[in-house]
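Here are my notes after a pass through the structure.

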Amino acid sequence: MKKAAFLFFSFLLSLAHLPAQRGLTRIPDTSIKAQLDAFILPEGAKINLFASEPVVRNPIHMNWDAQGRLWVVGSPLYPHIKPGQEESDQVVILEDTTGDGVADQHTVFADDLHIPTGVLPGDGGVYVANSNNVLFLKDTNGDGKADHRKVVLSGFGTEDTHHIVHTFRWGPEGMMWLNQSIYIHTHLDTPYGIRRLLGGGMWHYRPETRRSEVFMKGLVNPWGHVFDQWGQSFMTDGAGGQGINFVYPRSVFVASPGASRRLQGLNPGQPKLCGLEVLSGSHIPVHWREALASPDFRGHRIKTYRLSNKGSAYESREYKELLASRHGAFRPIDVKMGPDGAIYVADLYNPIIQHGEVDFRDPRRDHKHGRIWRISFPENPPAPFTKPANMKAMALAEALLFSEENIVRELATAELRTRNPGKMLLALNSLKLEDDLHKVRRVWATQALNRLDMGLAKQLTQSKSPKARAAGLRAIYYDAANKKYKNLLSIAEEAVSDPSPHVRLWGVSLLAQLDDPQTVSIALRALESVEVDDFLDFAVWSICREHRDRWVNEMKTRGENQFNSLTQLLFASSAIGEPLGADQILASIANGKIMEDKQIWEVANWISNKGSPAHLQKLLDLSQQTNSVSQQHAYLNAMLNARKIRKINPSGSLETVMKFLQSENDTVWSTAVELAGLWKLDSARTSLETTLKQTDSKQVRRKAAINALIAMGGEKTRKFLDQQIQNPQVSYSQKSTLIKGQIKIQPMLAARRATALLGNLPEGQEPNDLISAFISNKGATQALIKELENSKLPEVVALKGMQLAESAPTRPQALIEALQKAGDLKPMMMSLSKKEMIALIDRVKSQGNATRGEAVYRRENLQCVACHAIGEVGGVIGPNLVSIGASAPVDYLIESLLEPSKKIKEGYHTNLITLKNGDSHAGGIMSETDTEVVIRDLTGRHNRVAKRDITSQTISPVSLMPVGLTAQLREDEFVDLVRFMVELGKEGKFKTGTQRFARKWDVLPVNSANPGTIHHYGAKMFTLEFDGYEWQPFYAMVGGGIPFDEIPVALNRRGEKYQVLRTQVEAVKRGNHKMRLKGNLGGLNLFLGNQEVEIPSGGEQADLLIDFKQPGKQSLVMVVNGAGTKGYFALEALSEDLRVINTL
Amino acid sequence: MPSFLLYLKLLFPTWVVLSCSVTGDCRAKSAVPLFQNGDRVAFVGGGLMERARLNGFLETTLSKAAGAEVSGLRFRNLGWSGDTVYNDARSYFGKPQEGRDRLGRIIAEWKPNVVFLNYGAEVALSEGMPWTDEPEVKKQSAGKWEDSMKVFLEGYQKLVDAIQKKAGDNLREVVVVVPPPLENLGPPLPDHQNSNIRMGKVRDALAGFAKRNQARWVDLFAQMGGDKMNGKIIPNPLTHDGLHFTDFGYQELAKHVSHGLGFPPEDPDFSDSLTHNLRKKIIEKNRLFFHRWRPANETYLFLFRKHEQGNNAKEIPQFDPLIKKQETAIEKMRNQLLKKEAIN
């Protein structure tokens, strides 16, 4: 171990002598042919070049006009204008006049733009995103170039040029939709007052009224938005990883600043996506239709997804790949259906993407090229297309209502807006509507003319189809806020009790637009007698908050519960986080009307956050009356948090908590003890000291006892702690725990004791914990620095300390120096010279082995897997690495491994919170309220911090990834690891495919406790209910396989080894479902529940027919029973209606 | 009392305090000209000011109106869409305080001699809605009209005080520009009749506010007919949505500002090629200055990701010589224009 950290660097020095060959300057072949050769297409598809540089350069966004021409914006200026550079980005119009699928005419419509990120032709001109403004450009003299320019919206933020306003689209209702990303803070001056959106989200804008409103908030880079045929909105995220997101009014998603609750996307673990389109129309093969296509720009491919209904929202399932490429500069970032029914792809063309981690002026960044590709299916005829611009009123109306080509209806909607409304309404009304879809489309058409046919919209809300009912409500939703209509309340009222949760969701959304005192009490009905999912729950929660004043004022006036039930009151009060009706609810617990553990926890947490001291006293009383350990814990925990976060105590006598010092349950005991400490109940002291003196006390009790003694403080505590620390009978780990407590009250003394203890670190003991305790408190850090002035530390201890200090968010420089001195260490050099870097890159390319690298990656002591996911499975602390190789240059990967803080991925910055007592907390902010902040630390633990204890809250420039993790690797291992990362997401073995492998498993640890009935049950023993099984997470390799040699041996009985894993699947319906087992099948035993599944012997692959006796989620247990099994196995779901559950 | 007033009194012991009637003509007839040689001028406000940078009419008009006796005028447009007296729009990741700090920094750097301020439309347009996120006053801003006005005036006073503090002794003149009236363009655009009634009240309050601060003021609301608008549809609008001015509208607005300040009524002829070229130069200078003082990518250049790409911030000051070059050309063209007019 000695000097291990330096081994790797000396090897780098030796590499520096190798000739620099390619490395940093090697960029992909820019020829069209090179790109064409690199595409991988599905069967029957063909790809051709529609347009390229110099006509289009670095295209970002595109949309078609009603003449069937493609408008494209691109930005060679991206990422940042240089001093002296003109604003010279372009809007180009491309036209294929001959129908051969190639643009043969182009016009530069405008060439004086500044990073235009959105383009939308319509209203006789074009809307263009121009950094902080949205412009409307128009050609008034017919020369094909813009000569009229108007700022239509101003006030968009520009904090990051790949976040600026983007993703323009006409909605079916004739509004313009536009999005912004996480760092953007927008303040629009509108004729209706200022509208603000801070962080990511989506707007809609109606040009004729100039009204812009926020539709939803959140998502990191919402670069894709599409409407399905019923007008529901779906979005993708270019930095989040949840695939398709179902969004609806007021919904809030990941990364929305200050949000106390956020919704999830439909496909966790998906790569970052840019753009979104529904594949549609008669030209494309049936099996592609209605799939949602979105480019994975990092992985050089276009992924697709299929939606199905689920509760109030949808389920999204990954479908086939539409396109992939081996070309490193192919960057699909927009995809649109074209008028001929083909699929058009905007290729930014760049080996380098974004500019947070790669220098603005990196010479490898491309500013010249750009391509628009066209995917067609030559066996099918082109889709029929008449230019909506040339249609007479009746033809246009027919296209709007009846065309089965989405693109035709879309372009017709934009065209409609430029026509005489009276004439168009006449035409629209003259056409006979055959079904609900036709009705929905007519409602949209009237809305696009800003003349909503309210009668028909109301009729829709009575349709048989829930989709049509929801569409009717959504149409009414937009106009409801303008208060032009009366009697909308009854429509919403009916909708919230609809049999379909989806319709209820829209009923609640409509209610949120209305100005009626009853909105909340009506909305709460949506939670009754259906299964409530998170989306519906969120909508109701949201209206309870937004319309707070309405119902709270009434509640205060009446003095009693105005809602139908106490459950409703509890929901509404919890939503706003106020203790309204707390007395009634607590009384219901006391008289046994509320008894379920889940509800008790809910009430207790709510009182903890919002209740008065009198309410807390009631919790203390209730805790005395119950024998349920869970409920005791709920009450005690609530009082503990109230004390910690809000600094309040129950109003009466506190001594009754002493009862729980007799509890046999460790959690209850520890919580009670901590309370006793904080409440300064001296009567607990003896019991605490006894616990600490006894050698067999559990660690959890010890910790609680120390915390309690520290909280009590005083001479007695100081004396007791130091006596124990000085006592030679006390073990190292116990001393370490005691010193960590001592830090809080006597940091100088603690530093002295710690230095002495670490100076003679017993063999096999880790110093990390103790050193970390000093690093995470400012005062303690100072004390340790001072103590080290005159002390020495063993080299190994000092080295560990330095690594910890280097990766601490506070990065205490003085401590790093003190440790260096105390351990006689040389400075840690982590960065490479350019020459060394080139040599290393060369080595990765010539000698790196990705398969070996994956094994390195998976090593437990490297902890990669604990923090990073690859695709669906793995930790969530760090960025998902699913396509890192395809998106990040090699030098970036190497740099990130060696110096994690140098480049930090968007959304993975560490927040650093420093408290009044000097403690610091680092991690991601999970949620925030008036009184507290919840921060998730490196271990994934959620820490609640009282706002009033905070002295500063900053964003740390230090990554959460510990420094020096790779220092323990040999040079070849490091090279292999980098090679593995380089391959991730690229075409080949290390790209996660669409095969549905069981990837998330649990395993039993080595020498796991067991019921001891193996002789009786055999392998089946592991399917039995047994408390002692401590399942731990275990993930499949990128290829889906489980390597036998990594599975812990849970039981070794006379040389017979048992390795045990389990995974979860969900059967949509009962009956036989097919799964495929691959790999080395000898010695495998598979169980569904406790029913054994027969595995055919021999061969390397077996298709299993498994009888699911009931639908729903269930466990599959795999027991590997073979000495020294080599290789791997993989389990894959084949049946459509069997889902593998790879997420938590 | 702000030190600014003290300073004024020492410097101009005989200075006549400007008095303006609420509805009447408020052209400043002060003995002291607004602009002096080498003045640095700043425009501060919301979208009205910000968008003025894109067409240059206001700056061209004022620069010409100052006359041949004043040279070396330099203007900086610090307008920001969606801004309020609490400087909401100028903050990025923080509370409005961050926006005030940002404005404070540029004021301290530019050290203006003359500051034009334009706020108030956002208050008139936001009845019952919060127009600021400033934690202390957000609720009142959405409350009763009197409460909303109270926190507006308090905020405005703090803003003026802060500007005086940051600009220091350089600051000689503050000009309070009352927002112009909102135009009724007919349905489906909103009816602004009530908003204009509120705007009139904003103007009334600003009259006293300007007086208390011994600031010059320009009552664009009265000058542009706000008192006479009774919800009628405007036949020849100056705005394209009731709030935002067209190019033609900005020309008219610039005239009213100039007249309101008591400058002679000869307005620039923007069809004249020299005037046109001067205005184009001004627009180009404004463009360069925009990239200089509120560059894109601030997150990387100056904020919490500067440890990654902060090295690129070195490019930002490289705009300074480019701006200077434009200003030299602007001065030259302005002299030519004034000379030509003197001859004519």
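Predicted model: local features only at pLDDT ≥ 70, side-chain atom pairs only at ≥ 80, totals over all residues.

How many helices and strands are there in chain A?

1. Chain A, the inventory. The count comes to 35 helices and 46 strands in chain A. Of the contacts with a separation of 6 or more, 65% link residues 24 or more positions apart.

2. Chain A, overall dimensions. Along the principal axes, the C-alpha atoms of chain A take up a box of roughly 95 × 85 × 70 Å. The radius of gyration is 32 Å, and because a compact globule of 1144 residues would come out near 32 Å, the two agree. As for burial, 51% of the 1144 residues in chain A are buried.

3. Helix α14 of chain A. This one spans residues 566–576, and its buried residues are A:Q568, A:L569, A:L570, A:A572, A:S573, A:S574 and A:A575. What do they pack against? Their partners are α11 (519–523), α12 (534–546), α13 (548–558), α15 and α16 (597–610), again of chain A. After α14(A) comes A:G577, with a positive phi near 65°.

4. The α15/α17 pair of chain A. Helix α15 (residues 582–590), which also turns up among the partners of α14(A), packs with helix α17 (residues 613–625) at an angle of about 5°, the axes lying 11 Å apart. An angle under 35 degrees counts as roughly parallel, so α15(A) is roughly parallel to α17(A). On the α15(A) side the contact uses A:A582, A:L586, A:I589 and A:A590, and on the α17(A) side A:H615, A:K618 and A:L622. Sorted by class, that contact has five nonpolar, one polar and one charged residues.

5. Chain B, two domains. Domain 1 of chain B covers 31–268 and domain 2 covers 276–344. Taken over C-alpha atoms, their centres are 22 Å apart. Domain 1 of chain B puts 17 residues into the contact, and domain 2 of chain B puts in 16.

6. The domain 1 side of that contact. Which elements of chain B each supply at least two residues here? They are α2 (47–55), α3 (57–65) and β2 (74–77). The largest share, five residues, comes from α3(B). By class, the residues on the side of domain 1 of chain B that touches domain 2 of chain B are six nonpolar, six polar and five charged.

Definitions and conventions: Residues numbered from 1 in each chain as written. Chains lettered and ligands numbered in written order. Helix = DSSP H or I, 4+ residues; strand = E, 2+ residues; numbered from the N terminus. Rg over C-alpha atoms; globule rule 2.2 N^0.38 Å. Buried ≥ 20, exposed ≤ 12 C-beta atoms within 10 Å, placed from the backbone. Contact = placed C-beta atoms within 7 Å. Axes fitted to C-alpha atoms, helices over the stretch in contact; angles between N-to-C directions. Parallel < 35°, antiparallel > 145°, perpendicular 65-115°, else oblique. Nonpolar A, V, L, I, M, F, W, Y, C, P; charged D, E, K, R; others polar. Domains from an automatic or database assignment.
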